Amino acid sequence: MHLKHKIQIERAMMLFGFILAAGFFLNVGMCTAVQSELRVTTIKQEPYTMSKGSQLEGFCMDLLSEVAKKVGFKYKVQLVKDSSYGRQDESGSWNGMIGEVVRGEADLAIAPLTLTAAREKAVGMTKPFMQTGISILLRKDISEDAGFFDFLTPFTAETWVGILIAYLGTTACIFIAARLSPCEWSQPQSEQNRFSFLHSLWYTAGALTLQGAGPHPRALSGRVICCSWWLFTIVLLACYFSNLSSSKSSETTHLSVKGFEDLANQNTIEFGCLAGSSTLAFFRNSNNPLYRRIHEYMERTKSYVSSMDEGVRRAKEGNYAFIGESVSLDLAVARHCELVRAHEVIGMRGYSIAAALGSPVIKNLSVAILQLSEAGELAYLRSKWWASSCMAGKAKSSAVQPHSLKGMFLVLSLGLGLGTLLAVLELTSRSRSSAADQRKSCFTVLTEELGLRLKTNDATRPQEAADKDKEKA
């Protein structure tokens, strides 16, 4: 009897355990079904979330896809109804994406949501997926005085050395060709050579500045050398002035406003930030006297902007410094080549994903974000969506390298070589004719002509001596 009763009790306990287990797995399945597709709210802001046809793309969309794979959930993205990030009013109610998460209208909010103490009290926030701070956006032409030698910036030092060598080489070739060519200097014993070395230097410099300096060569050899130099000069000056104009229009010198202290101590440039933003709250709540002065100025002048686009537009127009999140300012610099961000960054904070308070998914999302960061995925996404469109412009305005003009240096070298060769041929032809008349070998006459034309003494000295003898007589 006792044994039968014991068996019945064991069967009842097994049945009860089975019912509990079934209920547990049923409940887990229901929870899983509910959580299998999370409602995600976001806001349109380049490059975090942007429209592409009927789909959304951007940094946040790529990040959401990666964390969803790691945590294991499906999601449906919806745009926030009031196009706001989330701000608490005087009654304590939240609007924007934070408000939708608080009211249960969305399970997650993914956007450049700044992690603040007030938001942390209202919703759960993950580990930051991006670090940012507060900086200043300015036009590049708000800069220090130009340097004394900025006119040399269109060419590199190597290019300038190459130009100097080309100048001296051309001068030497003109000087040599003018002495060798009989068409240029027919009577070395009695005539003075028009192209002394100093005049050759002056003639070449005149052509370099497009001014000209006579007399011009008469011989074919000298004209070939001069034409080669003129062509080289035209291309060289075109490159110089083009690059000088580009470098001045996209000046990259140090800013006269290097930080917030410089900004607060000047009265020329107006400055402001996004109205109702966390940036404004930072200055309003700060006890730093410098930051308090900045806040008082913005309150006094009402220099706030209603959107990021308006701040960028006013900064592009000039005489306005836009204060905002450094990450957003970096994007503006990448898209607008005339803008630059100050180096100083204050108030470091992070962007996080928001979920309801006590949501178990917060922990898993934080772990997934840390894993993506350690694997370099977050850095890759940052470089993907913050790629600068100014790279081509910067390359165009960079200093001209010697290899950029290698074609013109080659043409000049060929012209100088051809002109010098023609001068030698002209002298050789003259020597043959003289050798026949003098009944000497061509080599002997050519040697004598070379010695007479290339000797270091002044070629007009015999004539000058004869003139002095006549005067004494």
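Biologist: Why does Phe283 count as buried?

Modeller: This is a predicted model, by the way. Phe283 has 0% relative accessibility, and buried means under 20%, so Phe283 counts as buried.

Biologist: What makes Phe282 partly exposed?

Modeller: Phe282 has a relative accessible area of 22%. Buried is under 20% and exposed is over 50%, so Phe282 lands in between and is called partly exposed.

Biologist: Why is the pair of Phe282 and Phe283 called edge-to-face?

Modeller: Check the planes: they sit at 85 degrees, with the ring centres 5.4 Å apart. Rings pair if their centres lie within 6.5 Å, and planes over 60 degrees apart count as edge-to-face, so that's the label for Phe282 and Phe283.

Biologist: How do you know that Tyr48 and Tyr351 form an aromatic pair?

Modeller: Their rings are 6.1 Å centre to centre, and the cut-off is within 6.5 Å. With 85 degrees between the planes, this pair is edge-to-face. Tyr48 lies in the loop between strands S1 and S2, and Tyr351 in strand S11, so the pair ties together parts 303 residues apart in sequence. Tyr48 is buried at 1% relative accessible area, and Tyr351 is buried at 1%.

Biologist: What makes Phe148 exposed?

Modeller: Phe148 has 79% relative accessibility, and exposed means over 50%, so Phe148 counts as exposed. Phe148 is in the loop between strand S7 and helix H5. Together with Phe149, Phe151 and Leu152, Phe148 forms a nonpolar surface patch with about 500 Å² of accessible area.

Terms used: Residues are numbered from 1 along each chain as its sequence is written. This is a predicted model: local features need pLDDT of at least 70, side-chain atom pairs count only at pLDDT 80 or more; totals for chains, interfaces and linings use all residues. Side-chain values use heavy atoms; hydrogens and water are left out. Patches are made of residues with over 30% relative accessible area and no salt bridge: like charges are joined within 9 Å, nonpolar side chains (Val, Leu, Ile, Met, Phe, Trp, Tyr) within 5 Å. Accessible areas come from the Shrake-Rupley method with a 1.4 Å probe; for residues, only the protein chains shown count as cover. A salt bridge is a side-chain nitrogen of Lys or Arg within 4 Å of a carboxyl oxygen of Asp or Glu. Helices (H or I, at least four residues) and strands (E, at least two) are DSSP runs, numbered from the N terminus. Buried means under 20% relative accessible area, exposed over 50%, partly exposed in between (1.4 Å probe, protein chains only). Rings of Phe, Tyr and Trp (its six-membered ring) pair if their centres lie within 6.5 Å; planes under 30 degrees apart count as stacked, over 60 as edge-to-face and the rest as tilted.
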